[in-house]
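Please open the model in your viewer and keep the selection tool at hand, as this tour moves from one selection to the next.

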Amino acid sequence: MSGTHIHMAGHVVERHITRAGQGGGRDVFEYALLRVVPRVERGECINAGVVVYCRAQAYVGARTHLDEARLLALDPEADVAGVRAALGAIERHCAGGEEAGQAARDDAGRRYRWVIAPRSTVVQPGPVHTGLTTDPAAETERLLDLLVR
């Protein structure tokens with residue numbers, strides 16, 4: 001399905017809406033960065049991970065990478081071990097299974113929504129973005145390399 005849309009500036013652009021089965025074998029996915037905000041009152045952050053959700057493939061996964069030097073540059077007294085533990089807990093939560101604790105029986109969508117819920121803590125989700133992919137696990141790695149490492 002396509003349609004024409006006129007922007008306020010008077011420019012005409014064509015937009016395309018992809019429906020199920022029309023994405024060339026690609027599925028819609030959502031992702032959010034995981035940010036570390038060592039001093040919440042200052043609002044400074046570093047990217048430390050990414051969480052990806054693909055409903056069509058019932059996939060949710062998180063990958064993290066903590067740059068300790070960058071974290072300590074923002075706050076020399078940051079609890080590095082605590083941040084690592086929180087990031088690891090998010091990875092386990094997304095993976096599901098026994099290590100996910102109470103979330104073990106939750107479906108992928110519910111686990112993802114819990115991770116991206118806004119919170120005022122040291123580890124916070126960023127805004128949600130979307131894309132198309134054939135392999136959400138590979139997309140998770142690609143986004144980690146592109147946006148975090």
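**A walk through the core**

Begin by selecting Val 36, which, leaving aside its neighbours within four places in sequence, is in contact (heavy atoms within 4.5 Å) with Glu 44, Cys 45, Ile 46, Ala 48, Leu 66, Leu 71, Val 83, Val 122 and Val 123. The model is predicted, so local features need pLDDT of at least 70 and side-chain atom pairs count only at pLDDT 80 or more, while totals for chains, interfaces and linings use all residues. Residues are numbered from 1 along each chain as its sequence is written, and side-chain values use heavy atoms, with hydrogens and water left out.

Now turn to the rings and select Tyr 53 and Tyr 112, whose centres are 5.0 Å apart and whose planes are at 15 degrees, so the pair is stacked (centres within 6.5 Å, planes under 30 degrees apart). Tyr 53 counts as buried at 10% relative accessibility, and Tyr 112 is buried too, with a relative accessible area of 0%.

Finally, select Arg 119 and Trp 114, where the charged end of Arg 119 sits over the ring of Trp 114, 4.9 Å from its centre (CZ of Arg within 6 Å of the ring centre and within 35 degrees of the ring normal).

Key. Phe/Tyr/Trp six-rings, centres within 6.5 Å; stacked < 30°, edge-to-face > 60°. Buried < 20%, exposed > 50% of the residue type's maximum accessible area, 1.4 Å probe, protein only.
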